Amino acid sequence: MFTSSRRGFLRGFAGLGAASMLGGCYSIGRSGSGKIRLAVVGVGGKGYSDWTPMLKTGLAEVVAFCDADANTYIKCLQRAAKEGYGDLSGVPFYSDYRKLLDACDFLGVEAMTISTPDHVHAPVAIQAMQQGIHVYVQKPLVRTLWELDYFNRTARKKGVVVQMGNQGSALNSMRRCTEVLQSGILGDVTEVHVWTNRPVWPQGKSLSDYIKRRGNKGDPVPAGFNWNAFLATAKDRPYLGAFPKELGPFHNDWKIAPNVYHAFNWRGSIDFGAGAFGDMACHTMNLPFRGLELGVVTEVECTQVEDASDLIYPANSTVKLTYAARTARFGANKGKRLPAVALHWYDGDVKPPASIMPKWAATHEGKVPNTGCYIIGSKGAVLMQDDYGAKCALALNDDKAFIDIFQHEAAKAVQRDIPFCSEADVAVTGSSVEMKGLGEGHYGEFLRAIKGQGPVYAQTHSRCFSDIEYCIPQMEGILVGTIAQQVPGKHVWDSATQRFGDDRANALIKPFIRQGWAF
């Protein structure tokens with residue numbers, strides 16, 4: 001019976017915790033429902049918006065929960081019951097992902113969502129894939145380049161279904177704009193600008209200095225929070241509670257938790273997260289990466305940085321990534337040699353100058369969109385006005401202003417070749433930041449792929465549009481960028497050997513892995 005009180009939930013949690021410490025040796029009946037047996041690692045926050053849409057599809061059932069914070073788990077089960085997902089209090093719960101992985105075979109786990117701090121993505125996903133479990137992994141796929149290579153090799157060897165959580169990939173507008181770009185409508189593209197308002201969590205030297213001042217003196221760990229499991233592979237350190245007043249407030253409109261690491265604020269820590277670059281580039285670089293068929297990064301340089309430190313990502317930065325020339329594989333451009341591309345990344349609410357997009361600025365009071373992507377070619381430009389590719393506009397050289405991608409006559413003439421998640425929306429007359437189909441389409445695609453259903457995409461040779469054929473090379477460029485944020489100067493990257501041209505950068509390729517947490 002569902003227990004709605006906190007005391008009842010804690011009582012249930014205590015029982016499940018005891019069973020989990022025994023390696024999950026309790027009887028779990030098989031329902032015979034034909035639904036995919038799903039384990040959830042990271043229950044709250046983004047995790048909640050990952051596993052609940054999967055239940056909504058009707059294709060999956062949850063057979064295990066895992067979260068370092070039992071308090072988050074309790075609140076999420078209460079919320080899920082109120083929102084109609086049923087009584088899930090009898091589903092086994094683990095606070096240590098290692099115990100869940102030990103029990104996966106017994107539980108009959110077939111698929112797993114991984115929506116944890118970034119440093120835990122690779123350890124959980126790689127060990128799950130080694131057991132033949134399909135994985136849906138939130139962006140960024142992993143935190144370091146060594147983990148990315150390990151992930152890639154494991155996924156290919158085991159032949160499992162992988163989907164990275166950049167949900168905008170399911171949007172019809174993003175897919176349509178990808179087709180338009182692949183047609184060569186912009187001519188030769190050599191310059192791209194991508195920007196974000198993130199971080200909206202604390203980053204910068206003042207936070208780094210505070211952590212160093214605290215040294216080994218920590219705060220009491222909250223009841224129900226497994227700090228050791230939260231640290232996982234990362235170096236030991238004390239738990240730190242609320243920020244001192246002199247360090248805040250940080251974007252209070254987002255109602256971010258006041259603690260230094262948990263919840264959510266871990267994103268700014270180099271040991272736990274990948275900063276604003278890792279958080280948002282998987283979304284905002286999605287369109288240019290696909291549409292321009294970008295692949296190998298050859299050089300990277302952080303051209304501007306504010307408040308850099310050795311513990312926390314900078315308050316803001318600008319990074320230049322150089323992508324190699326390549327041969328087009330799709331669309332009307334197929335077989336054509338495409339030129340190298342300089343991609344400029346801006347974070348911390350830094351934006352490119354309005355002067356590079358005069359047609360847009362002329363009709364928008366000289367303002368650049370809050371977040372977005374601007375792709376410049378010899379025949380025109382495309383402007384994405386959001387994070388996900390939901391709203392895009394095109395202006396060719398002879399156009400007086402930007403026109404929505406669905407309404408521009410030249411774009412209309414481009415052939416459809418990428419299947420939409422929802423073909424019922426094909427007749428859409430304009431793109432919108434409402435992001436229709438953002439959720440269930442991306443998650444449903446992952447689950448249907450496990451069942452062998454849905455189209456096989458030419459771009460990924462898979463039934464998932466964000467499978468490893470796409471997300472591995474995209475992540476490589478992003479992670480090369482995060483290293484440039486930490487090590488000044490221009491760096492040459494050799495993708496074939498997975499090495500930089502200098503030892504300072506190479507020292508950051510592989511993560512620290514704490515004893516007892518190797519994978």
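A residue counts as buried when its relative accessible area is under 20%. Keep that cut-off in mind for what follows. The model shown here is predicted.

Start with helix α2, residues 48–56. Its buried residues are Tyr48, Asp50, Trp51, Thr52, Pro53, Met54 and Leu55. That is 7 of the 9 residues in α2, so this helix is largely enclosed by the rest of the structure. Just beyond α2 comes Gly58. This glycine has a positive phi of about 80 degrees.

Now step back to the whole chain. The protein chain has 519 residues, and 59% of them are buried. It holds 16 helices and 18 strands. Take the contacts with a separation of 6 or more: 70% of them join residues 24 or more positions apart.

Next, follow helix α6, residues 145–158. Two of its packing partners are described here. One is helix α5, residues 118–130. The axes of α5 and α6 lie 9 Å apart, at an angle of about 20 degrees. An angle under 35 degrees counts as roughly parallel, so α5 is roughly parallel to α6. The crossing of α5 past α6 is left-handed.

Which residues of α5 and α6 meet? From α5 come His119, Ala122, Pro123, Ala125, Ile126, Met129 and Gln130. From α6 come Glu147, Tyr150, Phe151, Thr154, Ala155 and Lys158. By class, this contact of α5 with α6 has 8 nonpolar, 3 polar and 2 charged residues.

The other partner is helix α15, residues 468–486. Here too the axes are 9 Å apart, but the angle between α6 and α15 is about 170 degrees. Angles over 145 degrees count as roughly antiparallel, so α6 is roughly antiparallel to α15. On the α6 side, the contact is made by Leu145, Leu148, Phe151, Asn152, Ala155 and Arg156. On the α15 side, it is made by Ile468, Glu469, Ile472, Met475, Glu476, Leu479, Val480 and Ile483. The contact of α6 with α15 divides into 10 nonpolar, 1 polar and 3 charged residues.

Key
Residues are numbered from 1 along each chain as its sequence is written. This is a predicted model: local features need pLDDT of at least 70, side-chain atom pairs count only at pLDDT 80 or more; totals for chains, interfaces and linings use all residues. Side-chain values use heavy atoms; hydrogens and water are left out. Helices (H or I, at least four residues) and strands (E, at least two) are DSSP runs, numbered from the N terminus. Buried means under 20% relative accessible area, exposed over 50%, partly exposed in between (1.4 Å probe, protein chains only). Contact means heavy atoms within 4.5 Å. Axes are lines fitted to C-alpha atoms, for helices over the stretch in contact, and angles run from 0 to 180 degrees between N-to-C directions. Angles under 35 degrees count as roughly parallel, over 145 as roughly antiparallel, 65 to 115 as roughly perpendicular and the rest as oblique. A crossing is left-handed if the near helix is turned anticlockwise from the far one by less than a right angle, and right-handed if clockwise. Ala, Val, Leu, Ile, Met, Phe, Trp, Tyr, Cys and Pro count as nonpolar, Asp, Glu, Lys and Arg as charged, and the others, Gly among them, as polar.
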